[in-house]
Amino acid sequence: MTVHHLSLADARRLAVRAQLLDGTRPAELLDVVRHLTLLQIDPTAAVAPTADLVAWSRLGSSYAPADLAAALRDRSLLELRAMIRPSEDVTLYRARMAEWPGRGELEPWQVHYRNWVRANDACRRDILARLDASGPLPSRELPDTCAVPWKSTGWTGDRNVTQMLEFMVLRGEVAVAGRLGRQRLWDLASRVYPDDPVVPADEAIRIRDERRLRALGIARPRGPKYMVEPADVGQAGEPAVVEGVKGSWRIDPSLLDQPFTGRAALLSPFDRLIHDRRRTTELFGFDYQLEMYKPAAKRRWGYFALPILYGDRLVGKLDATADRKAGVLRVNAVHEDTPFTTPMTEAIHAEIEALSQWLGLDPTRASEGRP
């Protein structure tokens, strides 16, 4: 098979185009999610919830959060492990669910999880019975009859029901049926997931790798492990090398040799264009960390700084906060990784104005005070 040789600009444009962040905006939310394969859920709303911000970055002012809420209500989209996915894609996970905690020789942590669920099988059955009779329900209304408490040094310690529910999701027994505010409502998976034929596990992995590559454009065949959603793509697509970057890549060849028109875009810190920080550094030369967990004095760019895309380059960060009580989007700083030209400044400021209008807020710089 031919190995494609790409310049850094080629590779960046491949990634931007694949993430629907070039000059041709998509028109429909479902088309966006089906192409990207997921919208990540994160409760932080310093500017806007991540799922909404990612959708807005692609669709622009035509997108309303009510569109996402409606798609979740009618279950054309479903929540699975803190990711919003097309409902038809759930079938790609059902075979692995049936194999939980895994196939072949298990790792020690998998054995630990399996043994804890087995020790609390009566509790698992009690939860299923309550949901069968009365679901959907929030976790606080489900019985905690666990004989062996869940032990953890983190926040999940002794949270037996919520931990059991997470394992039951992995087993394909329960599913998120909706939300009441930020609180998940649980029901039997058989009443939430579509009754589609299950795709065999190995075929499902292949299809998921192919769809992930289509959404990323370019990715490593193997890379660091990420919780829930991998960043690598196995042998999907075709091999490639990128000028000045060590190692091999896989690319979606259907995205090659297409004209590229860029635009300005403001990205969520969880946006998949930048989610794999190593790829972001290698292809874009972009230094970025989400600093919300750092003390304020140690932050370089801000609590929830939004990466700024211009054309095929990541050029800076927007430090902004939505002050809904005051009715303003507070622009604390626009950090320029490279000096902005006049066209860049105009396009980025227009995008900040568009973000403010979409949020229903007035933009104001920190130095300006309240309008």
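**Notes on rings and a buried helix**

1. Let's start with a charge over a ring: Arg220 sits over the face of Trp249, 3.9 Å from the ring centre. Please keep in mind that this is a predicted model. A second case involves Lys317, which lies over the face of Trp301 at 4.0 Å from the ring centre.

2. Now to the aromatic pairs, of which the count is 11. One of them joins Trp150 and Phe167: the ring centres are 5.6 Å apart and the planes meet at 70°. Planes over 60 degrees apart count as edge-to-face, so that is the label for Trp150 and Phe167.

3. It is worth looking at where these two residues sit. Trp150 belongs to the loop between β5 (137-138) and α8 (160-170), while Phe167 is in helix α8 itself. The two are 17 residues apart, and their pairing links distant parts of the chain. Trp150 and Phe167 are both buried.

4. For another geometry, see Phe286 and Tyr288. Their ring centres lie 6.1 Å apart with the planes at 5°, so this pair is stacked. Phe286 and Tyr288 are each buried.

5. Trp150 and Phe167 also belong to an aromatic cluster, together with Trp100, Trp109, Tyr113 and Trp116.

6. Finally, have a look at helix α3, residues 50-59. Because 10 of its 10 residues are buried, α3 is largely enclosed by the rest of the structure. Its buried residues include Asp52, Trp56 and Arg58, as well as Leu53, Val54 and Leu59. Just past the end of α3, Gly60 adopts a positive phi of about 75°.

Conventions:
Residues numbered from 1 in each chain as written. Predicted model: local features only at pLDDT ≥ 70, side-chain atom pairs only at ≥ 80, totals over all residues. Heavy atoms only, no water. Buried < 20%, exposed > 50% of the residue type's maximum accessible area, 1.4 Å probe, protein only. Helix = DSSP H or I, 4+ residues; strand = E, 2+ residues; numbered from the N terminus. Phe/Tyr/Trp six-rings, centres within 6.5 Å; stacked < 30°, edge-to-face > 60°. Lys NZ or Arg CZ within 6 Å of the ring centre and 35° of its normal.
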